[in-house]
Amino acid sequence: MNLKLVYRALRQISDWTVYGFYSEVCVEGTENVPNDGPIIIASNHANEIIDVATLAVTIPQRRHVSFWAKSTLFTNPLFRSILSSSGAIPVQRNPNRDDGSSKAALFNSSSIALASGKVIAVFSEGASYTEPTIVQVLSGTAWAAVEYTRWRRKEHDDAGKDVVIVPVGLVYTDKATFDSGLRVQYGTPIRMSDYVEELFDVPPGANPDDVAYRVVQKVTQRIEQQLFAMTINASDWETLYAAETLRAIVAPQLVLKDWVSVSQQLIDLLSDPAPSSPLGRAKESLIKYYSLLHYTSLSHSDLVSLPSCVSRIHYIMELALPSLSTIILAPFYAPALLLHLPACVAAELMLKVLSIREEPEGFGQYRAVGGGFGAGVAAAALLWHGRLMEWVSSQPRGWVGSCLSYLAVGWIIVRCYARLAPGLHRRLKRALVSYRILLGVLSPRDPGLDVGPYTKLPPPPPSNAFIRRHGRTSSEFWDKREKEGRREAPPPVAGRKLVRAVLEQREETERVVKSVLEEVGLRNLDL
């Protein structure tokens, strides 16, 4: 198979996946990526295959990107054929074994690709995981750059261009949710030409490998600094969740361009406050509110338009009007609905069947692929069995013209659906949320329900087995992480039974936040 042909096909699928699943994609720093020459992309990795697709479609000049891929993917003949044809480079990954020969093969393959002026993408964390912060930045990216620089001098007498490392920060507003946002930032280039003199002017008696190791440490530190600056990082889940809830309250219309900076400011504001301090009380209230939202599968944005007082007549009016407008506009959205419902069903079905519950970093890929598959099948069925098929077939043209007509009509159907899907999804979601909240408000209180356990944080996702518990993250972080992991979820309860508690906690939290921010000084935040 032709490498470019396979890669272009995969990149087109990536285009549909990224720009179809996320309603807004903000790309910054493209001027930092050279138009030619060898480049190593050093990215964070929080969203499995979606991260791969994102880098492939956002790289400036649409340059071909060869990815490091775990070697186990190459054991399947079909995957091996696809990965090899698209230029992927196998990586031996085993936390219990350091295989020198596999590293040599990896760096040799990478050097050959870089020598031809290609772009290599490396996820510097070594694994995709879900944690409140970047917990590790491995040295593999820096070693690849150093080994290429040494290989180029040894094999080709410094012919060709020096390699450039470009750190990339990928940040998702809600990585596993349709119609959410994605921010991509290409950081400041790290040029290996800055280290050539240090790398090769080895003092007498010094070990060249020791010199290379020191260079690797310096380059890795620069990569780490940029990745942290371009992403959102908290010391624990409690602080991250509190900051996310505070952001939803004080900056509901926050644009993607400011997403990282504002989020990090709020995290810093809420990091380790004294429990009895104003910020400590605000953080406690935010955690209670977040937890209740979690157990009712609601978000603060679902409740923004609702009145602050728990009055049935107010809620009936506020919730009925959006649902009524959705019903009135139903004929306009009906064609898109024929594709959107199968897309939603297929997305959730694929998520349920294929995903691992303990690995939320993989949820987005299954929903995105499942949704695209469901919409595609529905569009094909609509074209095949609908009046459109009869109309196309009735036109006077040959079989080639008919095939092109079918493809053109199918393309128009999919494009129209893509334009209508986000608005339709928001309206359907709003109608469903309105029904659930209204049901909760109208239902009588359950006197036997203790709401207290549902105001405690839910258990965090398990740690990834490939994370090395040393380096930048302290033992204090992992001790706290293990303590959080032992937290047990309360018994399952119908979300409608917690709706009143959510609304009451929202009122209290907004009051506390307003008071505290006035006292602490909201003017210090870049909102």
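**First stop: the lining of a cavity**

The lining of the largest cavity consists of nine nonpolar, no polar and no charged residues, where Ala, Val, Leu, Ile, Met, Phe, Trp, Tyr, Cys and Pro count as nonpolar, Asp, Glu, Lys and Arg as charged, and the others, Gly among them, as polar. To see this lining, select Leu-246, Leu-269, Leu-270, Leu-279, Ala-282, Leu-286, Val-513, Val-516 and Leu-517. A cavity is, on a 1 Å grid over the protein atoms alone, a set of points where a 1.4 Å probe fits but cannot get out, and lining residues have an atom within 4 Å of a point. Grid points are joined across faces, edges and corners, and the volume is the space filled by probe spheres set on the points. By this rule there is one cavity of 30 Å³ or more, and the largest cavity holds about 30 Å³ of space.

Before going on, please note that this is a predicted model, in which local features need pLDDT of at least 70 and side-chain atom pairs count only at pLDDT 80 or more, while totals for chains, interfaces and linings use all residues. Residues are numbered from 1 along each chain as its sequence is written, and side-chain values use heavy atoms, with hydrogens and water left out.

**Second stop: the whole chain**

Now zoom out and colour by secondary structure, which comes to 18 helices and eight strands; helices (H or I, at least four residues) and strands (E, at least two) are DSSP runs, numbered from the N terminus. Of the 527 residues in the chain, 47% are buried, a word that stands for under 20% relative accessible area, with exposed meaning over 50% and partly exposed in between (1.4 Å probe, protein chains only). Among the contacts (heavy atoms within 4.5 Å) with a separation of 6 or more, 78% join residues 24 or more positions apart.

Which elements each supply at least two residues of the lining of the largest cavity? They are H9, H10 and helix H18 (499–520), and H9 is the one to select next. At 1.5 Å a residue, the twelve residues of helix H9 (residues 259–270) should span 16 Å, and the end C-alpha atoms are 17 Å apart, which agrees; the expected span is 1.5 Å times one less than the number of residues.

Within H9, highlight the buried residues, which are Trp-259, Val-260, Val-262, Ser-263, Gln-264, Leu-266, Ile-267 and Leu-270. If you also show strand S6 (164–172), strand S7 (180–186), helix H7 (208–229), helix H8 (237–250) and helix H10 (278–295), you will have the elements against which these buried residues pack. After H9 comes Asp-272, whose phi is positive, near 55°.

Is strand S5 (residues 119–123) mostly covered or mostly uncovered? Five of its five residues are buried, and the strand is mostly covered. In a regular strand the side chains alternate between the two faces of the sheet. In S5, Val-119, Ala-121 and Phe-123 lie on one side and Ile-120 and Val-122 on the other, and both faces are covered.

Strand S2 (residues 39–43) pairs with S5 in the parallel sense over five bridges, and the bridge partner of Ser-43 in S5 is Phe-123. Strand S3 (residues 65–70) also pairs with S5 in the parallel sense, over three bridges, and here Ser-66 stands opposite Ile-120.

**Fifth stop: single residues**

Go to Phe-21, found in helix H1 (residues 3–21), which counts as buried because its relative accessible area is 6%. Its C-alpha atom and that of Pro-422, 401 residues apart along the chain, are separated by 9.1 Å. Leaving aside neighbours within four places in sequence, Phe-21 is in contact with residues including Lys-175, Phe-178 and Arg-367.

Ser-111, in helix H4 (residues 100–115), is buried, with a relative accessible area of 1%, and beyond its neighbours within four places in sequence it is in contact with Glu-147, Tyr-148 and Trp-151.

End at Ser-297, in the loop between H10 and helix H11 (300–303), which counts as exposed because its relative accessibility is 56%. Most residues other than glycine have a negative phi, but Ser-297 has a positive phi of about 55°.

Conventions: 1 Å grid on protein atoms, 1.4 Å probe; cavity = no way out; pocket = protein on both sides within 12 Å on 5 of 7 lines; lining within 4 Å. Pairing = 2+ DSSP bridges.
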